[in-house]
Amino acid sequence: MILKNISIINYKNITGANLPLSPKFNCFVGNNGVGKTNLLDAIYYLSFCRSSSSQTNLHIIRHQQDSMMIQGIYLTPDNEELNIHCGLRLGRKKTFKKNGKEYKKLSEHIGLIPLVLVSPNDIDFIYGTGETRRKFIDTTISQYSTQYLQHLISYNQLLQQRNALLKSETPPDDTLLTTYDKIMSQHGSEIFNYRKEFIENFTPLFDNIYSQLGEKSESAGLVYQSHLSNNNLFEILQSHHQKDHIVGHTLKGTHRDDIEMTLNNYPIRYEGSQGQIKSFLTALRLAQYQYLKKTITTKKPLLLLDDIFDKLDSQRVERIIQIVSTNDYGQIFITSTNNDILQQVIAKSNHNYRFYTVNNGTYEES
């Protein structure tokens, strides 16, 4: 999948932009806070129908404006043009259209344009909550399995309804809770099976890329943790009715799943240096890219590298560019504050590229 052109009006600090794009490298250079990340976020929005930072509609529309628009013209693997249009007006429902036809459900769009974003916020995988790490799994699997996405949506809806019952002052009806337990356990078991299979198949790819980044002497690992590993979800939910009511929410289930990220068999959050953590997170995202490409097969995902070269020496920067310059990777978008190093490294790749200078939400090709 190739994004040929993107048009943006009033998205965050971007007043207006209409950018033709290279089929390989697209670089956006400028100081911090000028709109580089916002451009990548607009591309992300066209794939996932939301901002990567999960901001509300109020925060993605430019200040003192009441609407925003993003439109992308893509080239499919069959060399057909694909027009994706998103419009949002304050106080109204957002509209998403494919070739002029509006989606009935936004979930129908997920997976059409596979995408991987490497961001400074990925540090939350190491130091953040389990929710952040679950989101990594969910975002990956949902791009190739609509069934998984539907199980996830149904489970989360049931979880909200079950929690609402548990918040009541009087003990909830046990028969009603059991009904929720049965349906939730069906969806939760499917979610667990998908996640377990994903980790098993994903880990070898991750190990290989971590080694490619020059960390051959170290062992990086991912350990899937779930209440369902040795237990039946229905039985777990049934046995926790009283405890759940006391705390006012559902204590056990796939919504508590997590991934333990390790370095040499110890949690990386305690053992990893800044450089090791940077390599770990980069390998995690590049493995996500390779996994999606391998699973979807018909499309190469878009790869967005947001400020990935911060705090990396030129040698590591060049190594990453060498990896993503191969035919295993498709179209790539890069933001950076250092134009000189980036331009030198990209030029060595002998690929087509475009450079844009960014300043206060405006983009000028250089």
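In which strand does Val118 lie? Val118 belongs to strand E8, which covers residues 115–118; here helices (H or I, at least four residues) and strands (E, at least two) are DSSP runs, numbered from the N terminus. The model is a predicted one, in which local features need pLDDT of at least 70 and side-chain atom pairs count only at pLDDT 80 or more, while totals for chains, interfaces and linings use all residues. Residues are numbered from 1 along each chain as its sequence is written, and side-chain values use heavy atoms, with hydrogens and water left out.

Val118 is buried, with a relative accessible area of 6%, where buried means under 20% relative accessible area, exposed means over 50%, and partly exposed lies in between (1.4 Å probe, protein chains only). If its neighbours within four places in sequence are set aside, Val118 is in contact with Arg285, Leu303, Leu304, Leu305, Asp306 and Ile308, contact meaning heavy atoms within 4.5 Å. The C-alpha atom of Val118 is separated by 20 Å from that of Glu260, a residue 142 places away along the chain.

Among the buried residues of H1 are Leu39, Leu40, Ile43, Tyr44 and Phe48, and just after the helix Cys49 takes a positive phi of about 65 degrees. Helix H10 can be read in a similar manner: its 23 residues should span 33 Å at 1.5 Å a residue, and its end C-alpha atoms are 33 Å apart, which agrees. In H10, 17 of the 23 residues are buried, so H10 is largely enclosed by the rest of the structure, and the helix is followed by Thr297, whose phi is positive, near 65 degrees.

The aromatic side chains come next. A pair of aromatic rings is described by the distance of the centres and the angle of the planes. Rings of Phe, Tyr and Trp (its six-membered ring) pair if their centres lie within 6.5 Å, and planes under 30 degrees apart count as stacked, over 60 as edge-to-face and the rest as tilted. A search of the whole structure finds 20 aromatic pairs. Phe206 lies in helix H6 (residues 174–212) and Phe280 in helix H10 (residues 274–296), so the pair ties together parts that are 74 residues apart in sequence. Both Phe206 and Phe280 are buried, and they belong to one aromatic cluster that also includes Phe125, Phe136, Tyr144, Phe198, Phe202, Tyr210 and Tyr291.

Side chains of opposite charge can pair when their charged atoms come close, and a salt bridge is a side-chain nitrogen of Lys or Arg within 4 Å of a carboxyl oxygen of Asp or Glu. The structure holds 11 salt bridges. In one of them, Arg195 and Asp138 meet at 3.0 Å, N to O; Arg195 lies in helix H6 and Asp138 in helix H4, so the pair ties together parts that are 57 residues apart in sequence. Arg195 counts as buried at 2% relative accessibility, and Asp138 is buried too, with a relative accessible area of 14%. Asp138, Arg195 and Asp257 are linked in a network of salt bridges.

Arg134, found in helix H4 (residues 130–142), is buried yet has no salt bridge, and the nearest side chain of opposite charge, Glu131, is 5.2 Å away; Lys and Arg count as positive and Asp and Glu as negative, while His and the chain ends are not counted. Leaving aside neighbours within four places in sequence, the contacts of Arg134 include Arg195 and Asp257.

A further salt bridge joins Arg89 and Asp66, with the closest N and O atoms 3.6 Å apart. Arg89 lies in strand E5 (residues 81–89) and Asp66 in the loop between helix H2 (57–60) and strand E4 (67–75), so the pair ties together parts that are 23 residues apart in sequence. Arg89 is partly exposed, with a relative accessible area of 37%, and Asp66 is partly exposed as well, at 42%.

Key
The expected span of a helix is 1.5 Å times one less than its number of residues.
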